[in-house]
Amino acid sequence: MIAEVLIDIPHWHLDRTFDYVVPGTLVDAVKPGQRVEVPFGPRVLSGYVTGLKTSSGLERLKEIRSVLDLRPPLDQERLSLADTLSRRHLHPRVRYLSAMLPRALSMRTRVWLIPRDCSALPEELREFFPTKKPVPYEGALKTKSRLVHQALSDGLLEQDVRLRQTEYAKTVDYIRLKKHPESLRGSKQQALVDILAEHDEPIEKAELLKAADASHDSLSRLMRQEVVESFSKERYREQQTLYALEDTDVTLTETQQQVFDVIASRLDVFQTYLLHGVASSGKTEIYLELSARVLNAGRQVVVLLPEISLTPKITARFKARFGSTVAVYHSGLTVGEQYDEWRRMQRGEAQLVVGARSAVFAPFEDIGLFVFDEEHSDTYIQSEAPPYDAKDVASRRARTHRCPVLLGSATPSTESYHLAREGYYEYLRLRQRALFSREPKLRLIDMKQEFKDGNTSMFSRDLQKAIQSRLDRQEQTLLLLNRRGHAQFVLCRACGHVVKCPDCDISLTYHRHSDRLVCHHCSHAQPMTKQCPSCKSPHIRFMGVGTERVETALREWFPEASILRMDRDTTQRKQAHEEILHRFETEGDVLIGTQMIAKGLDFEKVTLVGVLSADMGLHVPSFYAESETFSLLMQIAGRSGRRDTRGDVLIQTYQKHHPVLQMVLDRDTKRFYERDLRFRRLSRVPPFARLSQVLLAAEDDRVAYRRALKTKQKLSMFDVLGPTQPFIRKQGGYLRWSLIVRHEDADALAEALSDIQAGMDPKSERLSLNHYPRIF
């Protein structure tokens, strides 16, 4: 039997299968989806079996060395999915196969050296090889690399390369009594036997030694006498959580029931539903009820969240309802915890998974429902290798499994809204808050007027008073810093004018190293201005402020307040998200954060939301800027006043009359979508045309630029803009040029680029394709 093996080297030049002979001892073990250990040139590597056949057109094939899994970690569905994604995105298949597996299954190579004759070795090596036993090639031995290589060349040493997983299952040692001895010498041995005799079941070794106050030596003597025996048992790693909610019996409202009935009546048919429900309308209750229906039918559920920060509370809701059948899967888990959760899914012990975008690859065999909470979030798109859109992956899997995909949001993406309006998605609406709490009061605060009145701080006077009143009433405040404008744009504090590209009407980005303003869409560049082009004021500045600076300023204003900060810096540690949110809920006064605090959080005592620099997101160099800002502001507004007390939302801005901000103030989602769709249709951007970015890179900038020009010529069947310098000019030592391609068929574009890539030098040139560019 011949196995087709995809070698685990993520390079497009090796993105093909190699034939290997399956030795007779492994014929029954090798199956498609299995990981195997194979010789590849002078190395030993892991690979994926993608298929089996009876013969090969090649001679002198090498044999598979071993099988790495008792059960194939990948099935035919996900093997085919990886092949589809690889072709679509021009990324090696092994990248996608690795993304479908937990980090614990990534393989590490360990080299062992075996001496043939210890006495014949050079004197400097003999101390490492006192016997003929294999010695790992690491530590101090690696400093003797020249001598080791010479010894290998002379035949004095043999090399044995072994592969091992990054992490394995956790096991715990247990002890059980085999026989009752007539007499024992030591009192500790007797104590061990007495404790075991009192229990019918084996006892965990650590607990037994502690209970008997005995040493390992005492237990070892009993094992040598065959009085007791030891065995290991697998144990899943426990995930610690601060949230433990009890399941509450909630009756759906009439509108919620209508939404539930529509979806529940067609759970065995592929269909995408867009659930557009205002904040606090009870979308999670519908997710729970639908999940119960699917699980009762013996199928599995995948629930996806945009942020790890949302996972603890929602996971607690699902675990309270469905118990141990719920798995949690995201990058915030340790390698071992993630491995345990993945194996629980693979074994069928967990039937529902709550997680971030990587959970879309869950090893379920009969999926009955995909749920995307906050579906508008761009975090469902993975831009780094391997790139994919989790919603696209879910749709492909849902077609195979014949099940629905439910997209839920208070502010659906413009693309999803358009697809629903055109009939591709079924549109479902929840217009009222489930607890019938009142919508918060929204206000726009003119920071230009604050500046004119002599207030130069980042907090308006009204926001300062509002925070103080919440402190006095022991209520809570959320402060959002919109960091979508991290790339600094230029704004006049006197009149609010933003310097834009004369050709694209997109804000220019300041490049400090060249002291120039650059358009990241068409490459227009101009010198940095010293005064406002509109009102000639010298009060022109780069917009951009960090959460740490906000925290410092807030502590100066309110020294007695309990102030917490939630951003990328404060959430690096494991469980940091959960700890910050739990601490805020139980004892905090003010929580400062970036967009991660805007989605899905539910705090009973939050009655004030303040938005600092709402303009920031409006002026990033992206055609998505206005829709992302509208969504973010509507989302954060929904965090205020979710119970009996009506909340307030204060939005600080330098452009009080901007149409998007006025629509937020009026909560006019329909008018916003009509405006945004009109703009996108005129601009020929999604959803009315597909935009993909092609990046050509080389160490020599001239080589990269010439390759970009040649690529543009070969893509003449498409509408191609550029080449231009991308937002990130240099990456990994390679200088890059960008092409923006308008097209109708992503697969056709990928196929054309694949032919171009085949003619490139793999050592000095790179080509990458991004179907989801947000900033150009």
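**Figure 1. A network of salt bridges joins Glu167, Glu234, Arg237, Asp340, Arg343 and Arg347.** The model is a predicted one, in which local features need pLDDT of at least 70 and side-chain atom pairs count only at pLDDT 80 or more, whereas totals for chains, interfaces and linings use all residues. Residues are numbered from 1 along each chain as its sequence is written, and side-chain values use heavy atoms, with hydrogens and water left out. A salt bridge is taken here as a side-chain nitrogen of Lys or Arg within 4 Å of a carboxyl oxygen of Asp or Glu, and by this rule the count comes to 53 salt bridges.

**Figure 2. Glu229 and Arg176 form a salt bridge between two strands.** The closest N and O atoms of Glu229 and Arg176 are 2.7 Å apart. Because Glu229 belongs to strand β11 (residues 228–234) and Arg176 to strand β9 (residues 171–177), the pair ties together parts that are 53 residues apart in sequence. Helices (H or I, at least four residues) and strands (E, at least two) are DSSP runs, numbered from the N terminus. Glu229 is partly exposed at 29% relative accessibility, and Arg176 is partly exposed at 36%, where buried means under 20% relative accessible area, exposed over 50%, and partly exposed in between (1.4 Å probe, protein chains only).

Figure 3. Arg675 is partly exposed, with a relative accessible area of 23%.

Figure 4. Most peptide bonds are trans, and most residues other than glycine have a negative phi.

**Figure 5. Leu90 and Ser280 have positive phi values.** Phi of Leu90 is near 55°, and this residue, in the loop between α1 (76–89) and α2 (93–99), counts as buried at 12% relative accessibility. Phi of Ser280 is near 70°; Ser280 sits in the loop between β12 (272–277) and α9 and is buried, with a relative accessible area of 13%.

**Figure 6. The side chain of Ser291 reaches the backbone oxygen of Tyr287.** The distance is 2.7 Å, which falls under the definition of a polar contact as a pair of N or O atoms within 3.5 Å, where within protein one must be able to donate a hydrogen and the other to accept it, and residues adjacent in sequence count only if both atoms are side-chain atoms. Ser291 is placed in helix α9 (residues 283–296) and counts as buried at 0% relative accessibility.
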